[in-house]
Amino acid sequence: MIVAIAGAHGKIAMRLASLLAGEGDTVIGLIRNPDHAADVSAQGASPVVCDLEQATVDEVARAIRDADAAVFAAGAGPGSGAERKLTMDRDGAIRLLDAATEAGVQRFQIISAVGAENPPDGDDAFGVYLRAKAEADEAVQASDRDWTIVRPGRLTEDQGTGRVRIESSPFRGQIPRDDVASVLARLLRDSRSSRRLLYVNGGEQPVEGALEAVLSE
């Protein structure tokens, strides 16, 4: 499988690239900053400079045209203002979605966030972030791609445990980025995850068991 990951220098994206490359997949890593190329290469991905905030849909489509799946793992990041939440977390995601449609990349996966199901009003950065995620998710759900939306809770740098809780309904919690990456990697290989919105946090079940339970619903 050939997987294009947008935001390939991100913390979850780097972990995901390493997992996929380790399983023999080809990974295209889209990055904004060329200085990040070496880090992305070290995870087994092929870095491609493509700034989702500046590139056209055609340019993004050319970058991912050989992929079987596209993953939106980019984000404005902590400390960024409300404007970048919109231009990256919303507009960047939609630009990748449009590019996937243009390039014929059928599989589309996006990392969202718990809270996007009912984002708050207000102009604070976190409220704008959740609304940006919600609007991106709405565009994904309205598309004809084989999409999966994954909404984790609070992300931690703890070592992954391989044990999670996955539900179709919202619930709050926290989860190591290692475990989010493991869930994403497995979802890419399971056709039952098409057109599913899943909430993911730390839990008691092994990843495989938790996915089997929710995808069998």
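Select F108 first, which is found in strand 5. The model on screen is a predicted one. F108 has a relative accessible area of 0%, so this residue is buried. F108 and V3 are 105 residues apart in sequence, and their C-alpha atoms are 9.7 Å apart in space.

Is Q109 buried or exposed? Q109 is buried, because its relative accessible area is 0%.

Next, select A136, which lies in helix 5. A136 has a relative accessible area of 1% and is therefore buried.

D137 is an acidic residue by its letter, so check its cover: with a relative accessible area of 0%, D137 is buried.

From A136, move to R195. These two residues are 59 residues apart in sequence and 15 Å apart in space, C-alpha to C-alpha. R195 sits in the loop between helix 6 and strand 10, the latter covering residues 196–202. At 40% relative accessibility, R195 counts as partly exposed.

Look at the backbone here. R195 has a positive phi of about 60 degrees, although R195 is not a glycine. Most residues other than glycine have a negative phi.

**Helix 1**

Now select helix 1, residues 11–22. How many residues does helix 1 have? Helix 1 has 12 residues. From its first C-alpha to its last, helix 1 reaches 17 Å, close to the 16 Å expected at 1.5 Å a residue.

Colour I12, A13, M14, L16, A17 and L20 within helix 1: these residues are buried. In an α-helix, residues three or four places apart point the same way, because there are 3.6 residues a turn.

Step just past the end of helix 1 to G24. The phi of G24 is positive, at about 95 degrees.

**Salt bridges**

Show the charged side chains next. Side chains of opposite charge can pair when their charged atoms come close. How many salt bridges does the structure hold? The structure holds 18 salt bridges, and three of these stops follow.

Select E157 and K11. E157 forms a salt bridge with K11, and the closest N and O atoms are 3.8 Å apart. The pair links distant parts of the chain, 146 residues apart. K11 is in helix 1, while E157 is in the loop between strand 7 (154–156) and strand 8 (163–167). E157 has a relative accessible area of 45% and is partly exposed.

Select D178 and R15. Their side chains meet in a salt bridge of 2.6 Å, N to O. D178 lies in helix 6 (residues 177–188) and R15 in helix 1, so this pair ties together parts that are 163 residues apart in sequence. D178 is partly exposed, with a relative accessible area of 27%. R15 is partly exposed too, at 22% relative accessibility.

Select D91 and R90. The side chains of D91 and R90 meet in a salt bridge of 2.7 Å, N to O. At 26% relative accessibility, D91 counts as partly exposed. R90 counts as partly exposed at 22%.

Then select K11, R15, E157, R177 and D178 together. Salt bridges that share partners join these residues into one network.

**The negative patch**

For the last stop, turn to the surface. Which residues gather in a patch of negative charge? They are D58, E59, D98 and E102. Helix 3 (57–64) and helix 4 (82–103) each supply at least two residues of this patch.

Pick out D98, which is found in helix 4. D98 counts as partly exposed, because its relative accessibility is 37%.

Terms used
Residues numbered from 1 in each chain as written. Predicted model: local features only at pLDDT ≥ 70, side-chain atom pairs only at ≥ 80, totals over all residues. Heavy atoms only, no water. Patch = residues over 30% accessible without salt bridge, like charges linked within 9 Å, V, L, I, M, F, W, Y side chains within 5 Å. Areas by Shrake-Rupley, 256 points an atom, 1.4 Å probe, with all protein chains shown as cover. Salt bridge = Lys/Arg side-chain N within 4 Å of Asp/Glu carboxyl O. Lys, Arg positive; Asp, Glu negative; His and termini not counted. Charge placed at Lys NZ, Arg CZ, Asp CG, Glu CD. Helix = DSSP H or I, 4+ residues; strand = E, 2+ residues; numbered from the N terminus. Buried < 20%, exposed > 50% of the residue type's maximum accessible area, 1.4 Å probe, protein only. Expected span 1.5 Å × (residues − 1).
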